[in-house]
Amino acid sequence: MLTRIKQKPPFRIAVVGGGQLGKMMTSAAKQFGFHVTVLDPTPGSPAGQVADRQIVAAFTDGEAIRRLALEADVVTYEFEHIDSVALIALEEGGQPVHPAPQILRVIQNKRKQKEALLKENIPVAPFLAVQDQTAARSAGQLFGYPFFLKASTGGYDGKGNVLIAHENDLPGALVELGSADLLAEQFVPFACEISMMVARSIDGVVRSYQLSENEHQDSILRRSMVPARVSPAVAARAQTVAEKVMTLFGGVGVFCVEMFVTLDGTVLVNEVAPRPHNSGHYTIEACMTSQFEQQVRAISGLPLGDVSLLSPAVMVNLLGEEGQQGCAVLEGCLEALALPGVHLHFYGKIKTAPKRKMGHFTVTAATLDEAIQLAEEAAAHLRVVADKEEG
Ligand SMILES: Nc1ncnc2c1ncn2[C@@H]1O[C@H](COP(=O)(O)OP(=O)(O)O)[C@@H](O)[C@H]1O
Ligand SMILES: [Mg+2]
């Protein structure tokens, strides 16, 4: 728990993961004058570019995670596919790790996560644990087609999820997913997808940000709009559900609760991320306290910041264009940045690849309609392509 911020020696944070979330978290920690070490297998990772130091090692390297902790007062992580056993060992050795690795262990497995939610009567789409083809066939009979088959671990941006349109798709899908720990889930014909960032402090104070409305393409987030265009009743229901999730897991830090809104206004939890999230990037420019500063405050034992929305916002991801592979170039910056309220983030990933998250921009404006319009104009200019000269 911090009561004063010293510069000598500085308070030290370690972040497992050096991607864009780690980068934005690191920038927020540097704002407070903290020392930041990140661990990532890629030298010069986005977070490594702004941190004091990067340890280059695999996320499964328990020894490297131990070394990382040696130079930290608190350890956190920017994504969930890491070795929770190594983090649990750190915590047992007296090292503060937030959010608690036992929570990560449940959340990083989609099946265990859903079982935990269901046990607390938190609404989720009907699901079944699946280990083989027979169980998958039963799921098809129970839910009808199409239904989702998901790998319980390791999935992100739609990887590890297969939509099963017909019984004949099952053998191929089982080979593709290649695991005995799967989750079959009823297809939800949702009206829209929403998410809420919820922060919880070391002393249990919970604060929820405004609801975001999210659009995905090929299961990858493309655009978030805030505030979500849902009725006050749906927004209130979503907040109750999201805070119930936060209380259930009881973690310290910022969590994202992704939800579906069905045609009759029911709110179902899709999944929970125990960390800041892509759909919360709008908080950097549109909220009193960004999700990244909030994460740093929470894990350091500082009071949570004000989560008020300062203006409507639209966030658009900048993905690597199809057919483009090589050194990344962002085209159209002059035109996009000439528009009012456009805030551009380019993550510092050297290589672009189709659908890779390379950056994002957020537009803030007086009304959501205006922000949507400006975001469409900016998006029409911005393209992430490969540098033809560099290859
Ligand atoms: N049961 C479902 N019904 C309808 N769409 C779904 C369902 N599960 C996932 N999706 C769609 O796929 C996207 C990605 O799925 P999700 O399980 O959140 O995986 P990831 O870990 O890749 O984010 C969701 O945001 C949603 O658009
Ligand atoms: Mg998701």
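Student: Which residues does Ala184 touch, leaving aside those up to four places away in sequence?

Tutor: Two residues are in contact if their C-beta atoms, placed from the backbone, lie within 7 Å. Here Ala184 touches Phe127, Leu128, Val130, Ala136, Ala139, Phe143, Phe147 and Leu149. This is a predicted model, in which local features need pLDDT of at least 70 and side-chain atom pairs count only at pLDDT 80 or more, while totals for chains, interfaces and linings use all residues. Residues are numbered from 1 along each chain as its sequence is written, and chains are lettered from A and ligands numbered from 1 in the order in which they are written.

Student: How many residues has the largest nonpolar core?

Tutor: A nonpolar core is a set of buried Ala, Val, Leu, Ile, Met, Phe, Trp, Tyr and Cys residues joined through C-beta atoms within 7 Å; buried denotes 20 or more other C-beta atoms within 10 Å of a residue's own, placed from the backbone. The largest such core has 105 residues, and Ala184 is among those with the most contacts inside it, as are Ile13 and Val363. Helix α8 (residues 232–249) contributes the largest share of this core, seven residues. Helices (H or I, at least four residues) and strands (E, at least two) are DSSP runs, numbered from the N terminus.

Student: What is the strand order in the open sheet of four strands?

Tutor: Strands of a sheet pair through backbone hydrogen bonds, either parallel or antiparallel. Two strands count as paired if DSSP finds at least two bridges between them. The order is β3-β2-β1-β4, with parallel pairing. Because β3 (53–56) and β4 (74–77) stand at the edges with a single partner strand each, one side of each has no neighbour in the sheet. Strand β2 (residues 35–40) is joined to β3 by four bridges, and Thr37 stands opposite Arg53 in β3.

Student: Which strands does helix α2 lie across?

Tutor: Axes are lines fitted to C-alpha atoms, for helices over the stretch in contact, and angles run from 0 to 180 degrees between N-to-C directions. Helix α2 (residues 62–70) lies across β1, β2, β3 and β4, at about 175 degrees to β2.

Student: Which residues are the closest to ligand 1?

Tutor: A residue is near a molecule if its C-beta atom, placed from the backbone, lies within 6 Å of it. Ligand 1 is surrounded by 17 residues, the closest being Gly155, Glu185, Val188, His216 and Ser219. At least two residues of the shell come from each of β6 (147–151) and β14 (267–273).

Methods:
Buried ≥ 20, exposed ≤ 12 C-beta atoms within 10 Å, placed from the backbone.
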